[in-house]
Amino acid sequence: MAEVRLVRVWKQFGDFTAVKDLTLEVKDGEFLVLLGPSGCGKTTTLRMIAGLEEPTKGQIYIDDKLVADPGKGIFVPPKERDVAMVFQSYALYPHMTVYDNIAFPLKLRKVPKQEIDKRVREVAEMLGLTEFLHRKPRELSGGQRQRVALGRAIVRRPKVFLMDEPLSNLDAKLRVKMRAELKKLQRQLGVTTIYVTHDQVEAMTMGDRIAVMNAGELQQIGTPEDVYERPANTFVAGFIGSPPTNFMDSSVVEDENGVWADFGEFRLKFLDDQAEVLREKNLVGKEVIFGIRPEDIYDALFAQVKIPGENMARAFVEIVENLGGEKIVHLSAGDINFTAKFPAESRVVEGQEIDVVFDMKKAHVFEKGSGKAVF
Ligand SMILES: Nc1ncnc2c1ncn2[C@@H]1O[C@H](COP(=O)(O)OP(=O)(O)OP(=O)(O)O)[C@@H](O)[C@H]1O
Ligand SMILES: [Mg+2]
């Protein structure tokens with residue numbers, strides 16, 4: 001068991017900065033997800049922790065031991081870091097049986113044969129692979145192969161697991177199943193795990209905490225609730241959740257009745273505490289980005305708190321996507337477009353005008369330009 005700590009880590013490939021000033025603390029036994037779009041530096045970060053890549057600047061600690069610090073000329077090779085990495089393309093040895101594939105890292109380390117046998121069988125039992133131990137990888141399904149790759153990492157009992165999109169090769173259904181299994185397994189073993197994905201659903205469902213990255217930079221780190229309910233900026237608000245948060249240009253105006261988000265076509269009244277923050281930050285009279293999630297815009301027929309003129313708007317139904325359990329509804333009001341998620345019972349049809357209610361408790365305001373969250 002171990003903590004992993006990155007302190008102001010940079011990775012430069014020539015002129016290109018792949019990871020920029022990254023500080024990250026992974027707690028003992030924690031399941032941390034590194035989430036971000038393709039090319040944002042996730043794999044590079046994992047490879048630096050594994051020791052497959054040297055940082056350009058900064059320090060990496062595993063279990064309080066400094067394993068990389070180019071400033072001091074310190075670089076502990078991968079073998080001595082006691083981490084196990086599961087790669088996206090988990091190449092199993094095709095000519096070896098499942099048993100031998102799992103046993104391989106122990107054989108390399110010259111573990112006694114009896115001990116190997118005990119540990120391989122233990123891991124196989126845990127992963128439901130006991131009956132497949134004599135098979136070759138080509139005789140297994142994708143999910144079974146994935147479990148062999150995990151077995152190969154687990155059998156070593158490393159201090160840290162590093163997993164780089166280990167489920168991305170599986171079909172959607174199997175991915176959902178393996179997601180839960182992997183999480184359960186990590187709980188059982190209690191091994192500190194850093195898990196890379198670009199899939200926000202995977203991140204939300206699996207992570208104790210999520211570190212959201214973009215273009216080499218950490219955007220926010222927090223629990224799934226933190227990043228969903230209190231996104232630090234427009235990037236996080238737009239990346240987490242599906243469909244993404246609606247962003248609408250708005251002016252903040254104040255009159256004798258309160259502080260409003262004015263969209264031209266309609267306006268919405270901020271709650272008292274929101275109004276206070278906007279006044280404090282001198283945003284009254286300014287242009288901002290108003291953000292609200294599709295699930296926080298209701299069909300007025302199903303809304304609890306309806307206050308005409310304060311949290312309601314008239315909108316035109318452009319498109320309805322029926323997902324069975326819910327409906328994704330694309331709406332417009334003048335030249336403002338937004339998306340709402342309605343319950344299956346909603347009877348809205350395309351081409352209709354409806355009243356929608358904005359749940360102002362859930363509204364966000366972001367600074368124009370920086371995209372930083374005000375609330
Ligand atoms: N050895 C290298 N030389 C030059 N550039 C590299 C090298 N390795 C990675 N990069 C660049 O660094 C950036 C980050 O790469 P990285 O593989 O870490 O992204 P990622 O977040 O894992 O993306 P993906 O989700 O597509 O796997 C990319 O723009 C990539 O092209
Ligand atoms: Mg990658």
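Where in the chain is the place of Pro 243? Pro 243 sits in the loop between helix 8 and strand 12, the strand that covers residues 246–255. This model is predicted. The chain is divided into two parts, domain 1 (4–239) and domain 2 (246–367).

**Backbone**

- The peptide bond that joins Ser 242 and Pro 243 is cis, with an omega of about -10°.
- Asp 82 is not a glycine, yet its phi is positive, at about 60°.
- The residue Asp 82 belongs to the loop between strand 6 (74–75) and strand 7 (83–86).

**Domain 1 and domain 2**

- Taken over C-alpha atoms, the centres of domain 1 and domain 2 are separated by 40 Å.
- Contact between the domains involves eight residues of domain 1 and six residues of domain 2.
- About 590 Å² of area is buried between domain 1 and domain 2, and carbon and sulfur atoms give 61% of that area.
- On the side of domain 1, the residues that lose the most area to domain 2 are Tyr 228, Thr 234 and Ala 237. Together these residues account for 70% of what that side buries.
- Two residue pairs are in polar contact between domain 1 and domain 2, both at pLDDT 80 or more.
- The elements of domain 1 that give two or more residues to the side touching domain 2 are helix 7 (224–229) and helix 8 (234–239).
- By class, that side of domain 1 has four nonpolar residues, three polar residues and one charged residue.

**Ligand 1**

- The residues around ligand 1 include Phe 13, Phe 16, Ala 18 and Glu 165.
- Also around ligand 1 are Pro 37, Ser 38, Gly 39, Cys 40, Gly 41, Lys 42, Thr 43 and Thr 44.
- The side chain of Ser 38 has an N or O atom 2.5 Å from an oxygen atom of ligand 1.
- For Gly 39, a polar backbone atom is 2.7 Å from an oxygen atom of ligand 1.
- For Gly 41, a polar backbone atom is 3.0 Å from an oxygen atom of ligand 1.

**Salt bridges**

- In the whole structure, a search finds 27 salt bridges.
- One salt bridge is formed by Lys 20 and Glu 217, whose closest N and O atoms are 3.8 Å apart.
- This pair links distant parts of the chain, with Lys 20 in strand 2 (residues 16–26) and Glu 217 in strand 11 (residues 217–222). The two residues are 197 residues apart.

Methods:
Residues are numbered from 1 along each chain as its sequence is written. Chains are lettered from A and ligands numbered from 1 in the order in which they are written. Side-chain values use heavy atoms; hydrogens and water are left out. Domain bounds come from an automatic or database domain assignment. Contact means heavy atoms within 4.5 Å. Buried area is the accessible area (1.4 Å probe) that two parts lose on being put together, summed over both. A polar contact is a pair of N or O atoms within 3.5 Å; within protein, one must be able to donate a hydrogen and the other to accept it, and residues adjacent in sequence count only if both atoms are side-chain atoms. Helices (H or I, at least four residues) and strands (E, at least two) are DSSP runs, numbered from the N terminus. Ala, Val, Leu, Ile, Met, Phe, Trp, Tyr, Cys and Pro count as nonpolar, Asp, Glu, Lys and Arg as charged, and the others, Gly among them, as polar. A residue is near a molecule or strand if one of its heavy atoms lies within 4 Å of it. A salt bridge is a side-chain nitrogen of Lys or Arg within 4 Å of a carboxyl oxygen of Asp or Glu.
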